[in-house]
Amino acid sequence: ESQSECLCVLWRVEHKIEDDWLKPSDIVPTPLTLSSLSIGDYSYNTTRVNELILSHMPHLKSLVIGTFSFNNTRIFSLYRLTSLETVLIRQTSFITSPLRRQDGEFYIANCPNLQSIEFHQYAFADYNFLTVNDLPSLQSILFGGGSFYYTPTLRLLSWFEWNHWRLAFPQLQNIIFGQYAFREINELTIASGLFFTTHIQTCHNCVSYSSTVRVFRVSFRQDG
């Protein structure tokens, strides 16, 4: 892939930035060779960076976003990162307001080697949409306390073919929900592997669940 193809999505960030000093290369300096991307605390909180999409970075294995970063970014997407293994979003990042909003989209898909995702406290707290798809190697997800606080629906429904069975997240072993994660959720749907056990822990309503069923659905009542 050419340098221009690798950066084609990232340029959409620069188009929304009026400050000459901030460019996509400031965030991702060497996209074709970078194996680890770590963003420091209190970074890129300008209102100009309202969309960040990382894609087609063939060697990226680790992504870390520091505390209180990208707090005016309303679309964040990780797509076709074929080598990515771990994602860590530290506390109070990707949150603009303590109040409910109708925008905010986080999308992660087509990362075949991704094994672990961690969202720390209050990350994405005011995001309205979360899509997780096509992560066949995913083993664990941690939703820290207060993360995705206002997100109404969580569906983990990725599928792939294996011996004519359609299995969802075949490696998924642990899903942990911290206190007040998805506090305003209406529906949780998880398609776990047919022959594997997925352990689901939810702190805020004191439920612990283990199952080998293919689809597990929980509906939360807003009146307690």
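**Aromatic rings in a predicted model**

Reader: Which residues do ring pairs link into a cluster?

Author: This is a predicted model, and a search of the whole structure turns up 22 aromatic pairs. Ring pairs join up a cluster made of Tyr44, Phe70, Phe76, Phe94, Phe106, Phe119, Phe124, Tyr127, Phe143, Phe148, Phe177 and Phe182.

Reader: Are the rings of Phe124 and Phe148 stacked or edge-to-face?

Author: The two ring centres sit 5.1 Å apart, with the planes at 5°. Planes under 30 degrees apart count as stacked, so Phe124 and Phe148 are stacked.

Reader: How many residues apart in sequence are the parts that this pair ties together?

Author: Phe124 is in the loop between β7 (116–119) and β8 (129–133). Phe148 belongs to the loop between β9 (140–143) and β10 (153–156), so the pair ties together parts separated in sequence by 24 residues.

Reader: What is the C-alpha to C-alpha distance between Phe94 and Tyr127?

Author: In sequence, Phe94 and Tyr127 are 33 residues apart. In space, C-alpha to C-alpha, the distance between them is 8.1 Å.

Reader: Which residues have the most contacts inside the largest nonpolar core?

Author: That core has 46 residues. Leaving out neighbours within four places in sequence, Phe119 touches Phe106, Phe124 and Phe143, among others. The residues with the most contacts inside the core are Phe76, Phe106, Phe119, Phe124 and Phe143.

Conventions: Residues are numbered from 1 along each chain as its sequence is written. This is a predicted model: local features need pLDDT of at least 70, side-chain atom pairs count only at pLDDT 80 or more; totals for chains, interfaces and linings use all residues. Side-chain values use heavy atoms; hydrogens and water are left out. Rings of Phe, Tyr and Trp (its six-membered ring) pair if their centres lie within 6.5 Å; planes under 30 degrees apart count as stacked, over 60 as edge-to-face and the rest as tilted. Helices (H or I, at least four residues) and strands (E, at least two) are DSSP runs, numbered from the N terminus. A nonpolar core is a set of buried Ala, Val, Leu, Ile, Met, Phe, Trp, Tyr and Cys residues joined through side-chain atoms within 4.5 Å. Buried means under 20% relative accessible area, exposed over 50%, partly exposed in between (1.4 Å probe, protein chains only). Contact means heavy atoms within 4.5 Å.
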